[in-house]
Amino acid sequence: MTRLPAVALRLALLAALSIPAAAPAGAPPGVDPAAIEAHVRFLADDLLEGRGIGTRGGALAAAYHEAVFRAAGLRPGGPDGYVQPVPMTAFLPDQEARVAFEHGGTRTILQTGEDFAVVNCGLPEGALRGRPLFVGYGIESAAEGWDDFKGADVRGRLLVAFVNEPGRDEPRRFGGRALTLHGRWRTMLELAARKGAASMLLVHTDADAGYAWAVARSTATRPTLGLADDPARLPVGGWIREPAARELVKLAGLDLDELRRRAERPSFRPIELPVAVEVRSRLASQPVSGQNVVGVLPGAEAAVVLTAHYDHLGIGRAEAGDSVYNGAVDNCTASAVLLALAQACARTEEASRPTLVFVAADAEEEGLLGSIWQTRHPAVPLERVRGVVNFEMANPWGRTRDLMVIGAPRAAWAHWLGPVLAARAMRATGDAVPEQGYLFRSDQLAWLEAGVPAAWVDGGVDYEGRPEGWGAARRAEYRAHRYHAPGDEVDGDFDYAGLAQLGEVVTELVRRMAADGPGAWRDDPELTGMKR
């Protein structure tokens with residue numbers, strides 16, 4: 001068991017026990033901005049060392065959530081208490097990993113972390129040699145009438161593919177500008193694994209991936225985790241930076257831009273690249289036990305799950321002398337809303353509420369692993385769950401006139417939220433950057449694939465007291481400069497009233513969800529199309 005610093009644990013317990021006073025009889029529970037700020041500041045402190053999965057800081061964050069749940073009076077939702085162990089395997093990065101191209105006497109050696117980032121998750125010999133096969137976008141979908149493989153035998157092969165999807169300027173192809181599940185890079189690696197490929201390199205551009213190379217590069221600098229029983233694991237997978245991909249394709253006598261034009265066509269067929277490629281990466285792994293923290297407030301038969309992940313990236317590559325990835329927005333703000341709601345809802349009468357399941361999920365940053373595990377081993381049977389509200393990178397910049405909802409089925413969320421927002425003179429908006437595919441990049445996806453209506457709910461971009469466009473610009477600045485970087489810290493412009501507003505809206509939303517009929521949205525085609 002990890003030994004937590006005594007002073008830190010005392011601080012966690014002191015904060016957890018500082019519960020706001022009870023609401024007046026018959027009044028909805030208030031969500032206190034001061035309580036939210038206290039949770040954010042503690043969880044984002046350097047003391048927690050970035051809350052890395054399986055680390056001392058991660059264990060301290062889990063202990064803090066458990067202390068809050070206990071003090072609020074939630075019942076344990078894990079198998080033997082509040083903690084639900086999540087068995088995982090960590091595949092360790094190889095700083096000496098190498099990718100080399102050779103053709104016509106020309107040999108090019110790429111630099112790990114600068115030109116490529118891969119992880120060995122199952123290649124015992126640690127080396128792979130051969131000619132790569134370019135497979136377009138690496139997508140196979142009968143529903144979309146798209147097949148980039150065209151029956152090619154890719155067993156044991158090294159594959160190269162673009163990430164994202166073709167047809168982003170065509171609304172009728174896939175999701176048009178909005179990314180679908182097919183374009184998610186993890187989906188591509190999983191499909192390649194099921195087809196028996198040995199390796200896959202995805203060509204990275206900021207526009208295709210939705211984030212900078214610094215984010216993709218983390219594959220080469222920190223362990224990569226997977227569930228211990230994951231059957232769809234590619235032996236070697238990762239990223240190749242666009243300039244290096246251009247060099248590979250040029251050695252093959254081809255042009256990367258022309259290959260992209262071909263990959264945009266439904267008639268595309270895999271293309272052999274006549275270049276000898278060697279990928280070297282040492283295989284090293286170790287078991288890791290993650291920790292979901294689950295608390296239950298008993299109520300009516302209908303259940304609603306409220307969730308936020310508490311993990312982040314821990315200690316990593318230093319930027320400007322700072323190596324702690326605090327993750328204040330990603331995801332302390334969201335965790336703080338979850339904790340404040342647990343405290344507030346616990347002060348309501350049991351007969352007045354649905355059964356509420358609070359899930360502080362681990363390992364979201366490694367592919368939603370904690371949430372996938374929770375859907376496989378839920379605190380209450382999934383058939384009782386009317387829906388799931390996920391908090392992710394929650395808005396710390398003030399109150400908004402709009403609410404962002406990213407989830408499915410859309411008809412269900414419009415039905416549930418309509419009266420709630422109308423009463424507050426607010427409106428619902430969707431994903432402001434649908435090309436980045438946030439529907440598939442946070443914990444709501446695990447629940448959607450389990451067949452449960454789920455959405456990421458957050459404040460929007462139309463801020464009270466701010467000029468038009470301010471909110472979109474503020475969020476864009478965060479994504480460009482702070483997301484998955486040490487600079488994601490508690491900032492002087494944080495305004496916790498927006499987080500309290502989110503908690504209060506969700507309180508009313510939960511009541512609407514619970515009042516709906518059981519299974520009303522389970523057969524919606526938008527949801528059934530995502531089920532695993």
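Glu37 and Arg41 both sit in helix α2 (residues 33-43), four residues apart, about one turn of the helix. Helices (H or I, at least four residues) and strands (E, at least two) are DSSP runs, numbered from the N terminus. The model is predicted: local features need pLDDT of at least 70, side-chain atom pairs count only at pLDDT 80 or more, and totals for chains, interfaces and linings use all residues. Residues are numbered from 1 along each chain as its sequence is written, and side-chain values use heavy atoms, with hydrogens and water left out.

Glu37 and Arg41 form a salt bridge, with the closest N and O atoms 2.8 Å apart. A salt bridge here is a side-chain nitrogen of Lys or Arg within 4 Å of a carboxyl oxygen of Asp or Glu. Glu37 is partly exposed at 26% relative accessibility. Arg41 is partly exposed too, at 45%. Buried means under 20% relative accessible area, exposed over 50%, and partly exposed in between (1.4 Å probe, protein chains only).

## Other salt bridges

The structure holds 34 salt bridges. One joins Glu140 to Lys195 at 2.9 Å, N to O. Glu140 lies in strand β8 (residues 140-141) and Lys195 in the loop between α4 (185-194) and β11 (199-204), so the pair ties together parts 55 residues apart in sequence. Glu140 is partly exposed at 37%, and Lys195 is partly exposed at 25%.

Arg107 and Glu102 meet in another, at 3.0 Å, N to O. Arg107 has a relative accessible area of 42%; Glu102 has 39%. Both residues belong to a salt-bridge network that also links Arg98, Arg129, Glu278 and Arg280.

## Strand β15 and its partners

Strand β15 (residues 276-280) pairs with strand β3 (residues 98-103) in the antiparallel sense, over five bridges. Two strands pair if DSSP finds at least two bridges between them. Strand β6 (residues 127-130) also runs antiparallel to β15, joined by four bridges.

Val279 of β15 stands opposite Val99. Val279 is also the bridge partner of Leu128.

## Nonpolar core

The largest nonpolar core has 166 residues, of which Met200, Leu306, Phe358 and Phe391 touch the most other members. Helix α9 (residues 328-345) gives the largest share, 12 residues. Such a core is a set of buried Ala, Val, Leu, Ile, Met, Phe, Trp, Tyr and Cys residues joined through side-chain atoms within 4.5 Å.

Leaving aside neighbours within four places in sequence, Phe391 has contacts (heavy atoms within 4.5 Å) that include Leu306, Asn331, Leu338, Val457 and Val506.
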